[in-house]
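Hello,

Here is the structure we talked about. Please look it over before reading my notes below.

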Amino acid sequence: MSETPHIVSDVMTRTVVAVGRDALFKELVQTLSQWRVSAMPVLEGEGRVIGVVSEADLLPKEELRDSDPDRLEQLRRLPDLAKAGALTAEELMSSPAVTVHPDATLAEAARIMAVRGVKRLPVVDAEAKLQGIVSRGDLLKVFLRSDLDIEEEVRRTVVSYLLPGNSVHVQVREGVVTLSGQLRDTSLIPVAARLARAVEGVVDVECHFRGVGPEESERTA
């Protein structure tokens, strides 16, 4: 029925900065700085993702280098202390990596990011081989759709599909869809709103329908 939802492969970045498990600390810092990224996948073999190393993984070496934590603090910050003494990507990375498949919907990718508290996801195939990377910014690209594109899709996939024969007007401004007009069956209003909201790029949906009276319904039947 609908052209949406888009999937991760539609918006992901295909050229990805990555490192091997044996990459040394200074190389990691230099690579992050050179490519202006805050995290990168760690690969082994023929491109299989085994972890992700980020700026947050590297910071404990600076934060804790002059510290002398007491016993309680040591127990509380064991992971950070381990990273402070780490030298390679394998020792520093977060593993297993939180990943997503190319055919996942953008909503699925957004849920993974929210639940796992990450800003980006390596995109991997069925063998865990790196295909790309998707960021929060990539998931927001759907909101760059023009109002005209959204309006055309709502007409095609909501009005024509669910409300044929009804007098329905569609207007989209700044991503907000307004549906108005006359409906023979007003019980369809929540369904129409839900379908319109599912069109990617839609910010919100407003419905201003009125029901068709019995006499008018007979004249338009």
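Is Arg36 buried or exposed? Arg36 is exposed, with a relative accessible area of 78%. Keep in mind that this is a predicted model.

Most residues other than glycine have a negative phi. Arg36 lies in the loop between α2 and β2 (39-44), and comes just after α2.

**The chain as a whole**

The chain has 221 residues, and 37% of them count as buried. There are 11 helices and eight strands. Take the contacts with a separation of 6 or more: residues 24 or more positions apart account for 60% of them.

**Helix α2**

Helix α2 covers residues 25-35, and its buried residues are Phe25, Leu28, Thr31 and Leu32. Seen down the axis of α2, these buried residues fall within an arc of 130°, so they line one face of the helix. Lys26, Ser33 and Gln34 are exposed on the other side of α2.

The charged end of Lys61 sits over the ring of Phe25, 5.1 Å from the ring centre. As for ring-to-ring pairs, the structure holds zero aromatic pairs.

**Helix α7**

Which residues are buried in helix α7 (residues 106-116)? They are Leu106, Ala109 and Met113. Viewed down the axis of α7, the buried residues fall within an arc of 65°, so they line one face of the helix. On the other side of α7, Arg111, Ala114 and Val115 are exposed.

What covers the buried residues of α7? The cover includes α1 (8-11), β4 (120-124), β5 (130-135) and α8 (136-139). Just after α7, Gly117 takes a positive phi of about 65°.

The peptide bond from Ser95 to Pro96 is cis, with omega near 0°. Most peptide bonds are trans. Pro96 sits in the loop between α6 (89-92) and α7.

The pairing is antiparallel, over five bridges. Pro122 has Ile133 in β5 as its bridge partner. The two strands form a hairpin with five residues between them.

Ala128 is in the turn of that hairpin. Its phi is near 65°, a positive value in a residue other than glycine.

**Glu151**

Last, look at Glu151 in helix α9 (residues 147-162). Glu151 has a relative accessible area of 19%. Buried means under 20%, so Glu151 counts as buried. Leaving out residues up to four places away in sequence, Glu151 touches Val170, Gln171 and Val172.

**Where to look on screen**

Start with Arg36, exposed and with a positive phi. Then turn to Lys61 over the ring of Phe25. Follow with the cis bond from Ser95 to Pro96. Finish with Ala128 in the hairpin turn and buried Glu151 in α9.

Best wishes

Key:
Residues numbered from 1 in each chain as written. Predicted model: local features only at pLDDT ≥ 70, side-chain atom pairs only at ≥ 80, totals over all residues. Heavy atoms only, no water. Phe/Tyr/Trp six-rings, centres within 6.5 Å; stacked < 30°, edge-to-face > 60°. Lys NZ or Arg CZ within 6 Å of the ring centre and 35° of its normal. Buried < 20%, exposed > 50% of the residue type's maximum accessible area, 1.4 Å probe, protein only. Helix = DSSP H or I, 4+ residues; strand = E, 2+ residues; numbered from the N terminus. Arc of directions from axis to C-beta. Contact = heavy atoms within 4.5 Å. Pairing = 2+ DSSP bridges.
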